[in-house]
Each structure stands twice: as C-alpha cells, then as structure tokens.
Amino acid sequence: MPATIVVGTQWGDEGKGKFTDLLSKEMSMVVRYQGGHNAGHTLVVDGEKFALQLVPSGALYDHIVPVIGNGVVVDPFVLLAEIDMLTRRGVDCSKLRVSGNAHLIMPYHQQLDALYERHLGKAKLGTTKRGIGPAYADKSMRLGIRVQDLLDEMIFRKKLRASLVHTNKVLTKIFNRLPVDPDMLADKVLSECLEPLKPHIADTTDLIHEALEAGQHVLFEGAQATFLDLDHGTYPFVTSSNPTAGGACTGAGVGPRHIDRVLGIAKAYVTRVGAGPFPTELFDEDGDRLVEIGREFGTNTGRRRRPGWFDAVMLRHAVRLNSLTELAITKLDVLDTFETVKVCVAYDINGERTTKLPYHQSDVHAAVPVYEELPGWKTDLTAATERRHLPAEAEAYLQLIEERVGVPVTLASTGPGRSQYLHFSSL
Ligand code: IMP
C-alpha cells in the first residue's frame, strides 16, 4: 500500500503539476488534499497546454481515479466549468470523486476575500481573491457548508441561512454592502450544481483506503507550498491551509504510516507571488531575466512573480517540515544562459551567520543571503534526457544543492513538455 506525497518546497509555482502528471503513470489514484482554485497546475501534453485549478493533475490519464479530498475548499461553479473544459478537450472526468466532507466556496467568500484585501490597504496579503481564506475561516468557525450538504436540500438551505446571519452582518455593517439572500443563492447553487456534481460526490477517505488496502499506489498532490503553509509559512503572508506533507494526512484521511515517499518540488531558483519576506529576492537585471526566461507570470492571476536565487537554507527547513525523501528540481533550463549561478547557503542576521531558517519573522525580514557562486553552464539543456548529458557546471550546481539541502535530487526538468525531464536514480 505505497503512498507518495508531492509537495511544493518554496512559495508555490514550482511545477508540481508536471511531476504529479509524470508520476501518475505508476499510480492508481491522485488526491488533492488542500487549497482550492487558488492553485494553477500547468501540464503540457503533446504540445497542448492544460491549466488545472481543482481537478488533480493525474486526471489526464485514463487509468487514474482523480480525487478531491476533504481538506480542499471547492467552488462548485469553478469545478463544473473545469470538468466541462476537460470533457470538451477529450478528457474523461467520469471517475472524478469529490469528498462529501470538503467545504464549499460560495460567491460571498470571494466577495469577502476582495473586501478584506481592500480593507488592509498597503498591508494587503496579495491573495488570489478566490475566497480561500474566508471559506476556511467559516470551516473553523463551524459555519461552513460541505459538499455533502448539497445532497439534502433542507439541510443546505438551513446551513446557508445560518451562515449568512453572520456573513450578512459583516457585509452590511462593516463593508456597507448589500446582504446576500440565502434562498436566492440556494436556488442558484442547487439548480446549477446539484445534478452535475452528484455523481462525483463520495466518501473519498473510504475510497483512498480501499485503494491502499488493494495494494494500489496513491499519490497525494499538494497545492501551494511549504512556505505558504498556515502554520509553517511566513505568516500572515500564507494561504489558509496546510500544504506541508502533514496536510496530506488530515486533508485526505490517512495516517502518516501510509506514506513512504515524499517528493519535494523546488524550482532551480525561487519565485513568490503576493507579499511577504523573501531573503534571496532579486531586484536587478538577473531577476528580470529569470522572470522573462522563466515566463514567471501567474497561471491563475497573471501577476508577475517576484524572482530570487535558490535558497538552500529554506530548503533544508522544508526537508524537516515535510520529511522529504528526495527533491525534483524544475526549470533548470531557465539558468542556461547565466554567466554564473548562485545558491544561498546561509544568512547573516544582525551580524550573526546562520544556516537555519530563523523562527522569528523579523529575522527573516532582516536576513542577508550568503551566496556560493558557481560558473554557469551556458548550454541549452532542453534536449537533455539523462544525467550524463548534463554539462559539468550544471552537475556541480545540483551537487551543491544536494549537499546543502541534505536529500538527493532524483529528478530534474528542463522544459514544460512531458518528456523534458531527467531521471537521476532508479526509484
Ligand atoms: P490565497 O491562497 O488566495 O488566500 O492567497 C494567500 C497567499 O498565497 C498569496 O500570497 C498568494 O499569492 C499565495 N498563493 C496562493 N495560491 C498560490 C499558488 O498556487 N501559487 C503561488 N502562490 C499562491
């Protein structure tokens, strides 16, 4: 009953979708365990680009059962639009299963997300405005509405009314907006979403355990990333769920003993969208080149991502937080034309050098990166398919990462296509 977790190790957009898709060849089931449609997982299959927000990346294979776990927050309109889009493009979504325990994102969650951001002014977090935070907040306040509630009209209407007593006070009294009519919203959701969603709603925890008990291989696909984790990220500049590997257990309903492999995905440099500390951030020409060559604009929101050099201090911490067994390095080819490449190996903080990520956020803000600089490889890597094809400089770059981070690099990608990757060891 082997299970693997794929987790982002930086601030998101590491290319998790590509490796989930790649690993899916050997899997039976792919499970999203947290987040919602704030994610944007891009896959390129036979030159065709797919940008998935809610449907697990493995869905493009016929043999995969794609599962949206209980830890995900689901906007039913977005999910149905995505199923529609995939179906029109020839992907069979009939096997997709959505946990009845997953919480629903309602239109007022999106409205509140935008209002809270506007209210924060300069202190805004830079959320994706998809309603993620307000939906998880309702879940924690026990005011959330679950996917299973759709199956019982009376319960659904009752819960929506109860939840809106609170939300309508916030909308009208704090933000001076019109209240939401619970019955009109219930009519809309039930008439547009219930029938098409019904065949997909299931007890996904049971499905996952049945698969594991039958010896099938299950992949847990993380969205967002380690340093956007609500508990372990750079709070408050984080998302409202737990993308770290532990989140796979709670967000799918499996114990940690089922997990035997945790693959961390890291970009060969770092990017971040939205506000928050970022020790290796670049404001120079190198940063502009990373954005331009790496096409670092959000899949989801189109925002320019903030660029920086690879940060091995953060990555070592990500190894601890996730029990990473190995790393996949993505977008190695983006560094192809650089004269030199840098890896941050320590921070200088108020006159003291450390190789550990400080727990105090003020120290993270104050951290000055200490770099090891290596010669660039100045070679086009996009056609490389084996480790021995790599120029010595690229090999040295990966070895430095392995040495500083403490886990082996077992995969690397050199382009967006399904075949553009290097397999480093026989796992
Ligand atoms: P939220 O998840 O929309 O609440 O946004 C909270 C923070 O997480 C913001 O800084 C977003 O830019 C960031 N974020 C959320 N989802 C993603 C993602 O998929 N990739 C990168 N950043 C993300």
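User: Hello! How many disulfides does the structure hold?

Analyst: Welcome! This is a predicted model, and a disulfide in it would need a pair of cysteine sulfur atoms within 2.5 Å. Take Cys93: the closest cysteine sulfur to its own is in Cys193, 16 Å away, which is too far for a bond. The count of disulfides in the structure is zero.

User: Is Cys93 buried or exposed?

Analyst: A residue counts as buried when its relative accessible area is under 20%. Cys93 has 6% relative accessibility, so Cys93 is buried.

User: And Cys249, buried or exposed?

Analyst: The cut-off is again under 20% for a buried residue. With 14% relative accessibility, Cys249 counts as buried.

User: Let's turn to the ligand. Which residues come nearest?

Analyst: There are 15 residues around the ligand. By class, this shell has six nonpolar, seven polar and two charged residues. Those that come nearest are Asp13, Asn38, Thr128, Thr239 and Arg303.

User: How much of the ligand does the protein bury?

Analyst: Start with some contacts. Thr239 has a polar side-chain atom 2.6 Å from an oxygen atom of the ligand, while nitrogen atoms of the ligand lie 3.2 Å from an N or O atom in the side chain of Asp13 and 3.3 Å from a polar side-chain atom of Gln224. Taken alone, the ligand exposes 470 Å². Of that area, the protein buries 96%.

User: What about salt bridges? Which residue forms one with Lys16?

Analyst: The structure holds 22 salt bridges. In the one formed by Lys16, the closest N and O atoms are 2.8 Å apart, and both of its residues are buried. The partner of Lys16 is Glu14.

User: In which helix do Arg157 and Glu153 lie, and what separates them?

Analyst: These two residues form a salt bridge, with 2.8 Å between the closest N and O atoms. Arg157 is buried because its relative accessibility is 16%, whereas Glu153, at 44%, counts as partly exposed. They are four residues apart, and therefore separated by about one helical turn, in helix 5 (residues 153-174).

User: Lys198 and Glu195 also meet in a salt bridge. Is Glu195 buried or exposed?

Analyst: Their side chains meet at 3.6 Å, N to O. Lys198 has 41% relative accessibility and counts as partly exposed. Exposed means over 50%, and Glu195 has 52% relative accessibility, so Glu195 is exposed.

User: Which residues of helix 10 are buried?

Analyst: The helix covers residues 312-322, and being buried takes a relative accessible area under 20%. The buried residues are Ala312, Val313, Met314, Leu315, Ala318, Val319 and Asn322.

User: And which residue follows helix 10?

Analyst: Asn322, one of the buried residues, belongs to the helix. The residue that follows helix 10 has a positive phi, near 50°. That residue is Ser323.

Technical notes:
Residues numbered from 1 in each chain as written. Predicted model: local features only at pLDDT ≥ 70, side-chain atom pairs only at ≥ 80, totals over all residues. Heavy atoms only, no water. Buried < 20%, exposed > 50% of the residue type's maximum accessible area, 1.4 Å probe, protein only. Near = heavy atom within 4 Å. Polar contact = N/O pair within 3.5 Å; in protein donor to acceptor, adjacent residues only side chain to side chain. Areas by Shrake-Rupley, 256 points an atom, 1.4 Å probe, with all protein chains shown as cover. Nonpolar A, V, L, I, M, F, W, Y, C, P; charged D, E, K, R; others polar. Salt bridge = Lys/Arg side-chain N within 4 Å of Asp/Glu carboxyl O. Helix = DSSP H or I, 4+ residues; strand = E, 2+ residues; numbered from the N terminus.
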